[in-house]
Amino acid sequence: MVAHGPRPCRVALGRGAEFDLIRRLLAGEGELPSDVVVGPGDDAAVLTGGWVLSTDLSVEDVHFRRSWISDFEIGYRAGAAALSDLAAMAARPVGVLVSLAIPPEGGADAEAVHAGIRKAATDAGAVVLGGDVSRSPGPLIVDVVVVGRTSDAASRAGAEVGDDVWVTGALGASAAAVRLWTSGAEPGEALRQAFSHPVPRVLEAIQLVERGVVHALIDL
């Protein structure tokens, strides 16, 4: 497998409270196995053979509210967010693993949430490979592990001082929807769709890397 730019097993972490916590969690970790090409610090791990792995967690009342979107949309959003990590490595989606922790009576519809994740996976060219189901005493919790493959991973480590920064799509629509919901208003359909049906930029990422246009990617 070939990756653009330097390819350390561990990608340098940036500033901020989240990265500080990750640094503490990783403190004392030994050397990574030789099969690991890109380890902690990037959007996904890359193994020899071009296999790419990542996981993304969605928690009710933290990442979404059930009063805002349907259970199907909760699943779709969680699946798309996880698949976006593969786009950040220019990896083709292969499959997803789904873990659900479902609240008791009156909670979410597990089948609808799972159907949303499956639709997000199908739209990206992947399939559901398995997962786990449990009961939650509190919020709905959705965890999606994604598996992809690439011959040319675009690690964050490829970024250099002076690079241009490009963005696919328009920024701010999802945040605008959240702001309206939390203020008691209802967002328009375009803003609502931006929140409930984000699009993993898999095809764009792969084509840009294949054409040599970019040498680093990151998931927003």
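This is a predicted model: local features need pLDDT of at least 70, side-chain atom pairs count only at pLDDT 80 or more; totals for chains, interfaces and linings use all residues.
Although Ser-67 and Trp-181 are 114 residues apart in sequence, their C-alpha atoms are 9.2 Å apart in space.

The protein chain as a whole contains 6 helices and 8 strands, and from the N terminus on these elements follow the order β-α-β-β-β-α-β-α-β-β-β-α-α-α. The chain has 220 residues, of which 38% count as buried, and it exposes about 12,000 Å², with carbon and sulfur atoms supplying 55% of that area. Among the contacts with a separation of 6 or more, 79% are accounted for by residues 24 or more positions apart.

The largest nonpolar core is made up of 35 residues, and the members that touch the most other members are Val-96, Ile-117, Leu-140, Val-142 and Val-144. At least two residues of this core are supplied by each of strand 2 (36-38), helix 2, strand 5, helix 3, strand 7 and helix 4, and the largest share, 7 residues, comes from helix 2. Apart from this core lies another, of 6 residues, which includes Ala-154, Ala-205, Val-209 and Leu-217. When residues up to four places away in sequence are not counted, Val-144 touches Ser-54, Thr-55, Asp-56, Ala-78, Gly-79, Ala-82, Val-96, Leu-97 and Ile-117.

Helix 3 comprises 14 residues, 110-123, and reaches 20 Å from its first C-alpha to its last, which is close to the 20 Å expected at 1.5 Å a residue. The N-terminal end of this helix is capped by Asp-109, a side-chain oxygen of which lies 3.0 Å from the backbone nitrogen of Glu-111. Just after helix 3, Gly-125 takes a positive phi of about 90 degrees. Within the helix, the residues Ala-112, Val-113, Ala-115, Gly-116, Ile-117, Ala-120 and Ala-121 are buried, and what covers them includes helix 2, strand 5 (92-102) and strand 7 (141-149).

In helix 5, which spans residues 189-196, the residues Arg-192, Phe-195 and Ser-196 are buried. Because these three cover an arc of only 85 degrees around the axis, they are placed on the same side of helix 5. In general, an α-helix has 3.6 residues a turn, so residues three or four places apart point the same way. The buried residues of helix 5 pack against helix 2 and helix 4 (173-182).

A further loop, between strand 8 (152-153) and helix 4, holds Ser-155. With a relative accessibility of 3%, Ser-155 counts as buried, since the cut-off for that class is under 20%. The side chain of Ser-155 is joined to that of Asp-42 by a polar contact of 2.6 Å, and a polar atom of the Ser-155 side chain also lies 3.0 Å from the backbone nitrogen of Ala-157.

Terms used
Residues are numbered from 1 along each chain as its sequence is written. Side-chain values use heavy atoms; hydrogens and water are left out. Helices (H or I, at least four residues) and strands (E, at least two) are DSSP runs, numbered from the N terminus. The expected span of a helix is 1.5 Å times one less than its number of residues. Buried means under 20% relative accessible area, exposed over 50%, partly exposed in between (1.4 Å probe, protein chains only). Contact means heavy atoms within 4.5 Å. A polar contact is a pair of N or O atoms within 3.5 Å; within protein, one must be able to donate a hydrogen and the other to accept it, and residues adjacent in sequence count only if both atoms are side-chain atoms. The arc is that of the directions from the helix axis to the C-beta atoms. Accessible areas come from the Shrake-Rupley method with a 1.4 Å probe; for residues, only the protein chains shown count as cover. A nonpolar core is a set of buried Ala, Val, Leu, Ile, Met, Phe, Trp, Tyr and Cys residues joined through side-chain atoms within 4.5 Å.
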